[in-house]
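The structure is shown below.

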Amino acid sequence: MQPVLSVSGVSKTYASGFKALKEINLDIRRGEIFALLGPNGAGKTTLISIICGIVNRSTGRVTVDGHDISKDYRAARSLIGLVPQELTVEAFETVRSALAYSRGLFGKPASPAFVDQVLKDLSLWDKRDAKIITLSGGMKRRVMIGKALAHEPQILFLDEPTAGVDVELRKDMWAMVRRLRDRGVTIILTTHYIEEAEEMADRVGVINHGEIILVEEKTELMRKLGRKELRLELRSPIAAVPEALARYGLELSPDGAALTYVYDDQAERPGVASLMRDLEAAGIDFRDLETQKSSLEEIFVNLVRKEP
């Protein structure tokens, strides 16, 4: 399937010589939720700004549903909705008029019914005639999302959309994101709340030092890189791990009452079944066991930590 968004060989070097992006290649599939993760300063916002035509790239090409972002800017940009990190809204405009104005900026015909539906979807209906200056920070964030949706984009960028907002808005927003995805809208999000990416995303990309270091299906990423941990509570404490079990790299708790075995799908280490057999052979009995899997956050932290 043809990607709805294609980034090819994109780099950005500022006049100071700082290289913010280094040869980015990335294809986004139509209708997916793609989480772009990276530490502060990794290049996430720069990449989004280039795709949206806000920042000029130094090299490379960006196409949006086949439209070159430079040669056919208006057509490409009309397909994109952007919710930036910063709260940038017109203080003395009413909520409803702000959305209607944004719709008109992209050449869409007036549609009060559509604008009203967006207001209802974002729980802004009761504030539709309020001036934006009177709203809380969370409500202003909702208005920004409404403005981004007002022209019915096919691709929606959410750049740290839930930073500093309340739990209720976060829940509302992710419910809305799911509805949009169900309607075929492609969602690209950056977030510091990695548990949100773990819950929402179909694919995950990790960017660090201006380079994409990984793009993977979320489930496959967690299968390949997620560590699994098996903890065994022993019936009787032991003083040390027997030499016969050394190959498992077991960790003995300080009180000698528990053993922890860490394994993953890629490591060339013996499996759990053989561990159980060897424990029995060594005369070590356990009364309980529990397993844990790495979260996406732990995988992300480990990936970034490995980067120079």
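Which residues in H5 meet which residues in H6? Gly138, Arg141, Arg142, Ile145 and Leu149 in H5 meet Glu168, Leu169, Asp172, Met173, Met176 and Leu180 in H6, where contact means heavy atoms within 4.5 Å. By class, the residues of this contact are six nonpolar, one polar and four charged. The model is predicted: local features need pLDDT of at least 70, side-chain atom pairs count only at pLDDT 80 or more, and totals for chains, interfaces and linings use all residues. Residues are numbered from 1 along each chain as its sequence is written, and side-chain values use heavy atoms, leaving out hydrogens and water.

| Helix pair | Axis angle | Axis distance |
|---|---|---|
| H3 and H5 | roughly 30 degrees | within 8 Å |
| H5 and H6 | about 15 degrees | 11 Å |

H5 is therefore roughly parallel to H6, and H3 and H5 are likewise roughly parallel to each other (angles under 35 degrees). H3 (residues 95-105) and H5 (residues 137-149) touch through Val95, Ala98, Leu99 and Ser102 of H3 and Val143, Gly146 and Lys147 of H5. Four nonpolar, two polar and one charged residue make up this contact.

Key
Axes fitted to C-alpha atoms, helices over the stretch in contact; angles between N-to-C directions. Helix = DSSP H or I, 4+ residues; strand = E, 2+ residues; numbered from the N terminus. Parallel < 35°, antiparallel > 145°, perpendicular 65-115°, else oblique. Nonpolar A, V, L, I, M, F, W, Y, C, P; charged D, E, K, R; others polar.
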